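Subject: Structure handover

Dear colleague,

My notes come after it.

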Protein chains: 2
Amino acid sequence: MTILNFSPLVQNISRRMELTQAEHGGLHALRLGLRLLPHKANILLANDRPTKCCMIIKGYAYRGKDVASGRQIMSFHMAGDLPDLQSLHLEAMDHDLMTIGETLVGFIPHLDILSLIAKHSRLGAYFWRETLIDAAIFREWIINVGGRSGYARISHLLCEQMARMMAKGLAKEFGAPLFLSQTNIAQATGLSPVHVNRIMGAMRNANLVNTKDGRLTILDWRGLVAAGDFDPAYLRLN
Amino acid sequence: MTILNFSPLVQNISRRMELTQAEHGGLHALRLGLRLLPHKANILLANDRPTKCCMIIKGYAYRGKDVASGRQIMSFHMAGDLPDLQSLHLEAMDHDLMTIGETLVGFIPHLDILSLIAKHSRLGAYFWRETLIDAAIFREWIINVGGRSGYARISHLLCEQMARMMAKGLAKEFGAPLFLSQTNIAQATGLSPVHVNRIMGAMRNANLVNTKDGRLTILDWRGLVAAGDFDPAYLRLN
DNA sequence: CGAAATCTTGAGTATAATCAAAAACGGTGG
DNA sequence: CCACCGTTTTTGATTATACTCAAGATTTCG
C-alpha cells in the first residue's frame, strides 16, 4: 500500500470508472514523492523542464504568468488535480505553478506514468481526457475575461470553483468557504484589485456572497449562477 | 493512396517525426470524408456529439461561443489543424466551429483514429500533444484578453496567426495577407469592432500593418512583436 | 504585540463601449 | 459592365466601465 491509495487521484479516477485489479495495481506501483509547501511557494516556474508530474493532495495552487500589467492567473487547482500533466508531452513550462496556502504536493515520475499508460490504455485515455477538460476550462476563461462584465466575471469564477469543490467532495454545502483572496480574483479576471473590491461590495449588498470572519462564502447560489451566466456543462462533472 | 497522403495532416506530423512504414500505412487507412463549406458555415455547433474528427484542409475556421455581449472567439484554425480532436474523449461540444471564407474540411471517424492510436502509440502521443498545444494557446489567450491593452492584444493576435502560418508553410513572408476581418479580431480580443478599427488605424500610422486592397498585411514584424509582447515559445513550433 | 498582507474607501483619469451614420468594398444579377 | 445589396470599414460624439493613485482600516500570523 502506497500513500497513493489514499490520495484524491485514485478517488477521482474511481468516480469516473470502475478500476480493474490490474489498473489499481498499476496506480499502486507509481512512485510518489511528497513536499509540503508554504503559502505562495513555487511548485514550478516557466522554462522549467519537469521530469515528474505533480498532484495537489491538500491545499490549492494556481497557474500564472507575469505580464507587463502584473500577473495573470489561468487556472486554480485543488486536491486531486494534476496541474502539470501537459509536461508529459511538452518539455518546457510556459507558466508558473504556485501554491495558495500551505499545500501538500505529490510528485510522480513521468516515466512511471508513461509506462502505466502503455500498459493500461484506459488510464491513458483518462489522463488525456483530464487535459482536455483543462482545455475546456481555459476556453471558458477566455469567454469570461473577454466577453463578460466585471460583475459577471467574478460571479462566474466563484461558481466554477464552488462547483468543482462540490464535485470533488471538498465542500459539503454552498456555505463552505472558498480559498480565493480578492487579489487572486483580480489576477484571474483581469480586473484591478480595487475594482474587484468594489464589485464584491456590491455582491455583498445583493446578498450573493458574504465574507464572515475573512472567509468568502456563497449565500445565494442561484443568484450567483444567474449573475455569472454559469453553465457547468464544460466542466464535465459526472 | 487516399487523399490523406496529400493532406496537411501528414505534412504536419512529418514535420515533427519520421514516420515508419507502418505508421504511414495506418494514416493511409484512415477514412476521410470531404465537405466544401462556404464562408460563415457551421462545421459543428455547441451540444453536437460528433462521431468524427474534422481537419481543415484548405481555408480557415474558428471556435466561438455566443455570450450576452455577442460572440467570443477562442481560437483560429488553418490547414492541417484538427480543431475538434477533443471530441475523441469529450462527448458534447461546448462551443461552435465555423468557417472563415470558403473552406475544405475533412472528416475522419473517431473509431479510425482510436484504432490507429491503439496500434501506433507514437501517433497517440502526437495527437495528445497537439491538444496540449491547443491548451497552451488557450492559456496565452487568457493572458491576452485578461492582461494586455487593446493595442497589445491585437498585435499579439496578429503575431500568433502569422507565426503559425509561417510554420505551416501557409505564408512565405511577412507580407502575406492574413485572413482576419476586423470583426473577427474584435470577437477574439474582447474589444468592440469600433475600437478595433481605431486601434488598427493607429497601427497603420505606426507602420506596423497595412491594409492594401482590403487585405491585412504585416509591415513591421519586429515592431509588432514588441507591441504585442509576443514570445512564440508557447506555440512549440519546431 | 508588531509587521505584512489584505481589504476598504475616496477622488480623478483613461480606456474602451455605445450610438449613429456614412463610406468603401465584394459579390450578384440584369 | 454597371446597378444593387449586404458586409465591412471608417469617423464623430457621448457615455460607462474600469484603472490609477493614495491613504487608512482590518486581519493574519509569527
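The notes below cover the chain pair, the DNA strands and the helix packing, in that order.

This is a predicted model, in which local features need pLDDT of at least 70, side-chain atom pairs count only at pLDDT 80 or more, and totals for chains, interfaces and linings use all residues. Residues are numbered from 1 along each chain as its sequence is written, with chains lettered from A and ligands numbered from 1 in the order in which they are written.

The two chains

Between the chains, 35 residues of chain A are in contact with 35 residues of chain B; contact means that the C-beta atoms of two residues, placed from the backbone, lie within 7 Å. On the side of chain A that touches chain B, strand 3 (52-67), strand 4 (70-78) and helix 4 (121-147) of chain A each supply at least two residues. Helices (H or I, at least four residues) and strands (E, at least two) are DSSP runs, numbered from the N terminus. Helix 4 of chain A gives the most to that side, with 17 residues. By class, the side of chain A that touches chain B has 17 nonpolar, ten polar and eight charged residues. Here Ala, Val, Leu, Ile, Met, Phe, Trp, Tyr, Cys and Pro count as nonpolar, Asp, Glu, Lys and Arg as charged, and the others, Gly among them, as polar.

The same surface serves both copies, since 100% of the contact residues of chain A recur in chain B.

The DNA strands

DNA strand C is surrounded by 18 residues, the closest being A:Gln182, B:Gly150, B:Ser192, B:His195 and B:Gly214. A residue is near a molecule or strand if its C-beta atom, placed from the backbone, lies within 6 Å of it. Helix 6 (182-189) and helix 7 (193-205) of chain A, together with helix 7 (193-205) of chain B, each supply at least two residues of this surface. Its largest share, six residues, comes from helix 7 of chain A. The surface near DNA strand C has five nonpolar, twelve polar and one charged residues.

Around DNA strand D there are 19 residues, and the closest are A:Gly150, A:Ser192, A:His195, A:Gly214 and B:Gln182. Two or more residues of the surface near DNA strand D come from each of helix 7 of chain A, helix 6 (182-189) of chain B and helix 7 of chain B. Helix 7 of chain B gives the most, with six residues. This surface divides into five nonpolar, twelve polar and two charged residues.

Helix packing

In chain A, the axes of helix 5 (residues 150-167) and helix 8 (residues 221-228) come within 7 Å and cross at roughly 130°. Axes are lines fitted to C-alpha atoms, for helices over the stretch in contact, and angles run from 0 to 180 degrees between N-to-C directions. Helix 5 of chain A and helix 8 of chain A are therefore oblique to each other. Angles under 35 degrees count as roughly parallel, over 145 as roughly antiparallel, 65 to 115 as roughly perpendicular and the rest as oblique. Helix 5 of chain A passes helix 8 of chain A in a left-handed crossing; left-handed means that the near helix is turned anticlockwise from the far one by less than a right angle, and right-handed that it is turned clockwise. A:Tyr151, A:Ala152, A:Ser155, A:His156, A:Leu158 and A:Cys159 of helix 5 meet A:Leu224, A:Val225, A:Ala227 and A:Gly228 of helix 8. This contact has seven nonpolar, three polar and no charged residues.

The axes of helix 5 of chain A and helix 6 of chain A come within 10 Å and cross at roughly 110°. That makes helix 5 of chain A roughly perpendicular to helix 6 of chain A. Their crossing is right-handed. A:Arg153, A:Ile154 and A:Leu157 of helix 5 make the contact with A:Ile185, A:Ala188 and A:Thr189 of helix 6.

Regards
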